[in-house]
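The sequence and the coordinates are shown first, and the description follows.

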Amino acid sequence: MSSPNAAYPDTPDQATKPKRHEWPLWEVFIRGQHGMSHRHVGSLHAPDADMAVKNARDVYTRRNEGVSIWVVEARHIAASSPSDKGPLYEPSESKVYRHPTFFDIPEEVGAM
Amino acid sequence: MTRDMAFFEFLCRMGDNTLVLGHRVSEWCGHAPVLEEDIALANTALDLIGQTQMWLGLAGEVEGEGRSADDLAMLRDAWDFRNVLLAEQPNGDFGQTMMRQYLFDQAHVLLLQKLAGSSDERVAGIAAKAVKEVAYHVERSRDTVIGLGDGTSESHRRMQAALDLLWPYAGEMFTDDEVSGIMAGEGIAPEPSSLRAAWDAAVQETMSEATLVIPDSDFAHAGGKTGFRHSEHLGHMLTQMQWLQRAYPGARW
């Protein structure tokens, strides 16, 4: 029988209860069988990006949902603030002319 | 021993490995250290149980006595099981479970790759389906062994203890006998010993990445895949796994 590797000299002889470290949170995006874009499906915890992809595979593609997975560590996502809702979104409410509904799209353009 | 008797034994070995290990892994359901691992382990267990249905289904067919996969799984007693001792070892802590999984997965994937070219079409078909699942199992268990082995002092200590504990059970996966000789002669399955070098190389690489020391011993427990002497753990496991069919024979969903 071998002893624990010398690279870990501080390995204790007696088992002690380890401190619980939380893994970082990852947001998961999946591109479905017929979808063109990745969609946010939820989040999970994982120690690193590789494991986050594996965990996403196990948690979010069990029922054949996806053909591609993206994961992003949640802390890297910059988000707008809910309290800025007024200035950010209300000005566009009264600008119907911004909707592209006033002209016909030629058929040969196809799906947009 | 006739060809069909050996073929039946071989198929029971394949199906009992996946059945017993699948049941063991399923024992984690609802108990794993984190939600993500809980689901991943349940997926692995379900893959293994699915493979069991195919292996034991074919075993019943080859035997020709009208026994279904369910009959073989739920109505045989410990001495008729042909799984390797490694598969029936208790879960221990999460690290011990993942170490057992890796040692098995690494051998399993090498075997299935060979079986995909079996002279028996049914065996080749099952192997071709299973090898895709198992390629993922080994990727996951390997990464976890490396992550925990080369992790904190605590996780390293536990993984080394798991490797020391389970190492003597690994050798049984690579011993040849009359059954394997007949299977190899028929071109149905390779001699287990022929997979050893590739397994050793892969395990060596994984353990060195995981900073774990492989025990300096070739000693290997035997008696699982021949059914000669299972460890005490199998009987206890079967009382859990089989109780419903034993208590209510023929019960269905």
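## Confidence and chain make-up

The model described here is predicted. For the complex, the predictor gives an ipTM of 0.72 and a pTM of 0.85. The average pLDDT of chain B is 96, and 100% of its residues score at least 70.

Chain A contains two helices and three strands. Along the sequence these elements follow the pattern β-β-α-β-α. Chain A has 112 residues, and buried residues make up 20% of them.

## Cavities and a pocket

Two cavities of 30 Å³ or more are present in the structure. The largest cavity holds about 330 Å³ of space. Its lining consists of 19 residues, and those closest to the centre are B:Met14, B:Asn17, B:Leu111, B:Met173 and B:Pro192. Helices H1, H5 (94–115) and H8 (178–185) of chain B each supply at least two residues of the lining of this largest cavity.

The second largest cavity has a volume of about 60 Å³. Among the residues that line it are B:Glu37, B:Thr44, B:Asp105, B:His137 and B:Arg140. H2, H5 and H6 (121–149) of chain B each contribute at least two lining residues to the second largest cavity. The greatest contribution, four residues, is made by H2(B).

The second largest pocket contains about 960 Å³ of space. It is lined by 27 residues, and B:Asp70, B:Met74, B:Met241, B:Gln245 and B:Trp253 lie nearest its centre. At least two lining residues come from each of the chain B helices H1 (3–26), H2 (35–63), H3 (69–75) and H10 (232–247). H2(B) provides the largest share of the lining of this pocket, with seven residues.

The table sets out the lining of each space by residue class.

| Space | Nonpolar | Polar | Charged |
|---|---|---|---|
| Largest cavity | 14 nonpolar residues | three polar residues | two charged residues |
| Second largest cavity | three nonpolar residues | four polar residues | three charged residues |
| Second largest pocket | 16 nonpolar residues | eight polar residues | three charged residues |

## Aromatic pairs

Over all chains, the count of aromatic pairs comes to four. One of these joins B:Trp167 and B:Trp199: the ring centres are 5.8 Å apart and the planes lie at 25°, so the pair is stacked. B:Trp167 belongs to helix H7 (residues 153–170) of chain B and B:Trp199 to helix H9 (residues 196–209) of chain B, so the pair ties together parts that are 32 residues apart in sequence. B:Trp167 has a relative accessible area of 8% and is therefore buried. B:Trp199, with a relative accessible area of 0%, is buried as well.

A further pair is formed by B:Trp243 and B:Tyr248. Their ring centres are 6.5 Å apart and their planes stand at 70°, so this pair is edge-to-face. B:Trp243 counts as partly exposed because its relative accessibility is 48%. B:Tyr248 has a relative accessible area of 51% and is therefore exposed.

Ring pairs also link B:Trp167, B:Phe174 and B:Trp199 into a cluster.

## Charges over rings

Which residue of chain A lies over the face of B:Tyr136? The residue is A:Arg57, at 3.6 Å from the ring centre.

Within chain B, the charged end of B:Arg76 sits over the ring of B:Phe81, 4.4 Å from the centre of that ring. B:Phe81 is located in the loop between H3 and helix H4 (85–88) of chain B. With a relative accessibility of 0%, B:Phe81 counts as buried. From C-alpha to C-alpha, B:Phe81 lies 28 Å in space from B:Ala161, and the two are 80 residues apart in sequence.

Notes. Residues are numbered from 1 along each chain as its sequence is written. Chains are lettered from A and ligands numbered from 1 in the order in which they are written. This is a predicted model: local features need pLDDT of at least 70, side-chain atom pairs count only at pLDDT 80 or more; totals for chains, interfaces and linings use all residues. Side-chain values use heavy atoms; hydrogens and water are left out. On a 1 Å grid over the protein atoms alone, a cavity is a set of points where a 1.4 Å probe fits but cannot get out, and a pocket is an open set with protein on both sides within 12 Å along at least five of seven lines; lining residues have an atom within 4 Å of a point. Grid points are joined across faces, edges and corners, and a volume is the space filled by probe spheres set on the points. Ala, Val, Leu, Ile, Met, Phe, Trp, Tyr, Cys and Pro count as nonpolar, Asp, Glu, Lys and Arg as charged, and the others, Gly among them, as polar. Rings of Phe, Tyr and Trp (its six-membered ring) pair if their centres lie within 6.5 Å; planes under 30 degrees apart count as stacked, over 60 as edge-to-face and the rest as tilted. Buried means under 20% relative accessible area, exposed over 50%, partly exposed in between (1.4 Å probe, protein chains only). A charge sits over a ring if NZ of Lys or CZ of Arg is within 6 Å of the ring centre and within 35 degrees of the ring normal. pLDDT is the predictor's confidence in each residue, from 0 to 100.
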